[in-house]
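Please read these points with the model open beside you.

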Amino acid sequence: MRKSGSNSVPHQPVLYHESIKYLQPKPNGKYIDGTLGAGGHAEGILKSSAPNGQLLGLDLDDQAVTIARNKLSIFGNRCFIRKASYADMENQAQALGWENVDGILLDLGLSSMQLDTADRGFSFLREAPLDMRFDRKKNRTAADLINSLPEKEISDIIWKYSEDPKSRQIAKLIIENRPIFTTKELADLILKVYRGKREKTHPATRTFQALRIEVNCELEVLKKGLVVSLNVLRSGGRIAIITFHSLEDRIVKQFFQRESTDCICPPEQPICTCKHQAVIKIITKKVVKPSQEEMVNNSRARSAKLRVAEII
Ligand SMILES: C[S@@+](CC[C@H](N)C(=O)[O-])C[C@H]1O[C@@H](n2cnc3c(N)ncnc32)[C@H](O)[C@@H]1O
């Protein structure tokens, strides 16, 4: 799994036992892992649904698809792997002749492999072209964005997706110094803005997160994926979502709240006109976080949150 030039350890699935426990995979069941990565969660779902549960695994990343395909080949025709976005899961499931499924897992964000593979450009710790695309055949790279957008738009992206208090100064320096092509060039500029001020995390962390979210349209895709999941799950089917920052978690939380509520009219309105009906019930009344032990053993797990809902 290790690629040359990377110091990567294989991706360790986060909240593994918890997500399998809540998804309750069963023999005969059909499951979608919408963010296959290295196939860790997918393997758990396939093992727990033995002998004949089936899994459709999706990922946008060619490298992830290849790794997962190898890892999961032992499950033979119980496992289908496609290079696709989870926002397209309805079409992908229909192409297999699946009308609906028993469970969906989304483990958002990026994998250790992506972070640790230098030429992907996700990490400011490794000198590389500023790429940051999950699907390298699509979209603009992070370099394309920062070298073409006006200052205000760059500043808005950084603020909106990371709330970096110095978003304006960072955008100004980007404009003054572009073209910028590599992770290190960008990280060094951000360090200048922070002038060596000691922070708990590297000052470039927030800007890198913001650019990655923008490059991959992550929040729009999440909103679409949530809506689509309601069409794909059968009654009693569950969706489990692992998020890694508050922007993602807020979207999931608000979606679950809305879709588990009958009337969504403004509270001051005396009579319901929305006719909205609850379609899910929330299974995790309190968000599930990793154990102390998992956080110690896997630093990626520290910010993880799991929320699970079930179709009524
Ligand atoms: C945190 S990793 C998943 C790790 C996986 N659960 C495991 O056990 O190895 C997230 C994966 O989601 C993929 N991804 C991100 N956005 C996606 C999307 N819209 N559709 C499909 N895959 C996506 C990334 O390429 C990455 O491989």
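The numbered points below take the ligand first, then the loops, the backbone and the distances.

1. Basis. This is a predicted model: local features need pLDDT of at least 70, side-chain atom pairs count only at pLDDT 80 or more, and totals for chains, interfaces and linings use all residues. Residues are numbered from 1 along each chain as its sequence is written, and side-chain values use heavy atoms, with hydrogens and water left out.

2. Ligand shell. There are 25 residues around the ligand. A residue is near a molecule if one of its heavy atoms lies within 4 Å of it. Ala-38, His-41, Asp-59, Asp-107 and Gln-114 come nearest. By class, the shell holds 10 nonpolar, 11 polar and 4 charged residues. Here Ala, Val, Leu, Ile, Met, Phe, Trp, Tyr, Cys and Pro count as nonpolar, Asp, Glu, Lys and Arg as charged, and the others, Gly among them, as polar.

3. The side chain of His-41 places an N or O atom 2.8 Å from a ligand nitrogen. Gly-40 uses a backbone N or O atom, 3.1 Å from a ligand oxygen. The side chain of Gln-114 has an N or O atom 2.8 Å from an oxygen of the ligand. Taken alone, the ligand exposes 610 Å², and the protein buries 97% of that. These areas come from the Shrake-Rupley method with a 1.4 Å probe; for residues, only the protein chains shown count as cover.

4. Where does the ligand sit? The ligand is in the second largest pocket. On a 1 Å grid over the protein atoms alone, a pocket is an open set of points with protein on both sides within 12 Å along at least five of seven lines. A molecule sits in a pocket if more than half of its atoms lie within 2 Å of its grid points.

5. The loop between α8 and α9. Helix α8 spans 167-177 and α9 spans 183-194; Thr-182 is in the loop between them. Helices (H or I, at least four residues) and strands (E, at least two) are DSSP runs, numbered from the N terminus. Thr-182 is buried, at 14% relative accessible area. Buried means under 20% relative accessible area, exposed over 50%, and partly exposed in between (1.4 Å probe, protein chains only). The Thr-182 side chain reaches the backbone nitrogen of Glu-185 at 3.2 Å. Pro-179 is also in the loop between α8 and α9. The peptide bond from Arg-178 to Pro-179 is cis, with omega near 15°.

6. Cis bond at Pro-51. Ala-50 and Pro-51 are joined by a cis peptide bond, with omega about 10°. Pro-51 falls in the loop between α2 (40-48) and β2 (54-59).

7. Positive phi. Which residues deserve a look here? Leu-15, not a glycine, has a positive phi near 50°. Leu-15 lies in the segment before α1 (16-23) and is buried, with a relative accessible area of 0%. Gln-24, not a glycine either, has a positive phi of about 50°. Gln-24 is in the loop between α1 and β1 (30-33). Gln-24 is partly exposed, at 37%.

8. Pairs across the chain. Arg-133, in the loop between α5 (112-116) and α6 (142-148), is buried at 14% relative accessibility. Its C-alpha atom is 9.2 Å from that of Leu-60, 73 residues away along the chain. Ile-213 belongs to helix α10 (residues 204-215) and counts as buried at 1%.

9. Gly-236 is in strand β5 (residues 233-243) and is partly exposed, at 27% relative accessible area. Gly-236 and Leu-211 are 25 residues apart in sequence and 37 Å apart, C-alpha to C-alpha.

Terms used:
A polar contact is a pair of N or O atoms within 3.5 Å; within protein, one must be able to donate a hydrogen and the other to accept it, and residues adjacent in sequence count only if both atoms are side-chain atoms. On a 1 Å grid over the protein atoms alone, a cavity is a set of points where a 1.4 Å probe fits but cannot get out, and a pocket is an open set with protein on both sides within 12 Å along at least five of seven lines; lining residues have an atom within 4 Å of a point.
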